[in-house]
Every structure is written in C-alpha cells, then in structure tokens.
Amino acid sequence: MRYLIAAVALTFAASALPAQARGGAGSLVAAAPLAGAPSGNAYKIRYRSVDPDGRPVTVTGFVVVPRGPAPAAGRDVVVWTHGTTGVAEACAPSDADYRYDQVAGLGALLAAGYVVVAPDYQGLGNPGPHPYLVGEATGHVVLDAVRAAHAMPRASTSTRFALWGESQGGHAALWAGRLAKRYAPGFELVGVAAAVPPTDLKANLTGGSNAGIQAFLTAYSAASWAKVYGLPLTTVVKPRTARLIEAIAKNCVTTKGFKVRTQIGLVRLIGQLRGVDLASSPRWAALMAKNSLTPAGLDFPMLIVQGSKDQIVAPAVTRKFVDRLCRAKANVTFVTDDGDHTTAGKRSAALAVSWLGDRFAGKAPPSDCG
C-alpha cells in the first residue's frame, strides 16, 4: 500500500458536458486536460456512479490516451485500480503529483495502444465517505470508469477492457470482475490481474503478526465502515480509541509514509488495540465476510501475484484463496516471488502487461490449477 498523496491538489478546471451530466451511472460529467503525462494525452474526469446504498454519486479519476490514430475497432482499455492512499477526501491519486508514477506499467500499457483509466474511488477527491475495501460499491465505481472513458470522444475506446490492480486495488479489480457481466453487460472483460489482493478480510485485517500494520488497517477500515454502514466505532472500542482512529483516518499516506504525528498516533493505537478484535463483534464480522472474495462469479482469467515477504497481505491467505479458486475450476495463473507488499505492482508490471496482452489477443489463458 505504497501510494503517496501530495500536499497540494492540482487545479481541476473541468469542462462540463451538460448532456452527459444528466445521465445515470457510467455517464461522463466532465473531462479536462492534465499536464505531465510521460506519454499520451491525459485528462482528469468526473463521472457518475452509485454509492453502497445505490444512491447516485459523482466520482473522479484520470484517463491517459495513447498518441496517434485509434484502430478502426477502437482502443482497448486497461483500468488501473490503485492501492491504499487513505480514506479521506484529500487522498485522491488523480490530484497528486505522483499520479502517473503510481500506475504500474503505464509506459508499456500506452506503448501497447491501450487507453489507461485510473479511478480514484468514491470519497477520494470527491465527497465521501470512502468505502474502503467495500467490494460491491468499489466494483461499481471501477466499471463506471470504463463506461465514462467510452463516452470520451478523444479516447475512441472499444468495448473490451481488462482490470489491473495492486493491494486494495487488487481487491477492487477482482470485485469489479465479479460484477462485470451484470453491471456492465455492454462491455467485454478479457481478464483481471491482481497483485497482493486482500481476499479474506477477517484474516487480512485482524490476523497479522505486525501490530503497527494491524493498527493502520484497523484505523482505515473501521473509520470507513463506521460511516458507510452507520456502525459506531464504540461498538468495539472505547470512546478515546474511537477518537484516535478518526484522527488517524484523516491523514493520507505521504511520499515519506506517514507524517510524524500520524506515526505517534499509530503507536498509541497499538497500545489501545491490545485485546481488541473487530471480528469478535458479529456485526463487524458479518461485514468482513460480506466484502471478502469467494470463487463465486470469478469466471474470467486471473493473474494473481504474491510476495513471500508481504507483511500486509499474508502469503498463506492468498495461497488459500488460490486453492479455493482451483477447487472451483477457475482459471488462475499464480505467481510468487520473494518480494514485499509495497513494490508488488512495480515488480509484476511487465508480467501483467504481457499477460493482459495475450488475453486481448485471444490466446488461451494458462492456468496453474491442477
């Protein structure tokens, strides 16, 4: 979860599109040129989606379009789903000065001719709350980004797309894939590549051995779910701990990790969380189960990457998930290396771009099952 939030957001002088703004989920509200793309032409976008309760929301992101003419059938789309940047409105990758660098393999994707779409998710760069690791809501936002890009005349996209994400974004990509046939029936998903995805949220959020990481994950997930689901933090922690969680959740990840005051807060939170287990509450445990991933509906080719030194998403949890997929006769390419969590996307970018290219080319997907 390495992504970093700049202190000052870039100005977004949006060019409104009134006719599309009146549309429903997936309609494009605005698109404005963005400077600094290493290759291609970039645009900050605002588009329609729905929140966890199905109510309309406007969310943000950015799109990078390769230079040169589009093929007759249109440019295929790769959606980059980013890792954790925070849960506060100020934590949007599209507003950060590292926005292009955080897209693992961006140069190779553009060189291959893909339009790259990078949604912020609800509540990041747009009104919240941010549904952190809330599967269905995030899946809708990701799929609506595909539809919004298709509505951009300058993008000239086809109706084929792939999903590629890291950490929180791996969870988002797999959930979006699960929902794609039902939620975006006019588009063809060719495959999903996910690096170090959280899959079993009870195990991922509460089963870690690193107290600092567990405190960090607890702060973000608990603060988000308290707002998204209307579930008070005081149902599982004392009022002073609830206040500390809310304070920590206001801070984004920065270019140097967390600010000093946030690090101090996490140290305090570690002490206050001793003996606290969110999963011991039936209501919180039910939400963890609801937003975890199961093999059901994952009937598309998948590439899953896991590092053996990952202290955030435990390798054993991912291995167990892949085993379940194989028992369900899913199509999975599973790749492990000796890396950690923070560089998983960058380490596996070349592999992911190549694997996605084979899916767009119609090659039979390999599988490590059996």
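Axes here are lines fitted to C-alpha atoms, for helices over the stretch in contact, and angles run from 0 to 180 degrees between N-to-C directions. Helices (H or I, at least four residues) and strands (E, at least two) are DSSP runs, numbered from the N terminus.

Ground rules first. I'm on a predicted model, where local features need pLDDT of at least 70, side-chain atom pairs count only at pLDDT 80 or more, and totals for chains, interfaces and linings use all residues. Residues count from 1 along each chain as its sequence is written, and side-chain values use heavy atoms, with hydrogens and water left out.

**Helix pair.** I looked up H6 (residues 211-228) against H9 (residues 282-290): their axes come within 12 Å and cross at roughly 100°. That makes H6 and H9 roughly perpendicular (65 to 115 degrees). For the contact (heavy atoms within 4.5 Å), I found Ala222, Trp225 and Ala226 on H6 meeting Trp284, Leu287 and Met288 on H9.

**Sheet.** Next I traced the open sheet: nine strands, mixed pairing, order E1-E2-E3-E5-E4-E6-E7-E8-E9. Pairing takes at least two DSSP bridges between two strands. E1 (28-34) and E9 (332-337) are the edges; each has a single partner strand, so one side of each lacks a neighbour in the sheet. I get an average twist of 20° from one strand to the next.

E2 (residues 41-50) and E3 (residues 56-65) run antiparallel over 10 bridges. On that pair I noted Arg46 opposite Thr60 in E3. H11 (residues 344-360) packs on the sheet, touching E4, E6, E7, E8 and E9, and its direction makes about 150° with that of E6.

Methods: Angles under 35 degrees count as roughly parallel, over 145 as roughly antiparallel, 65 to 115 as roughly perpendicular and the rest as oblique.
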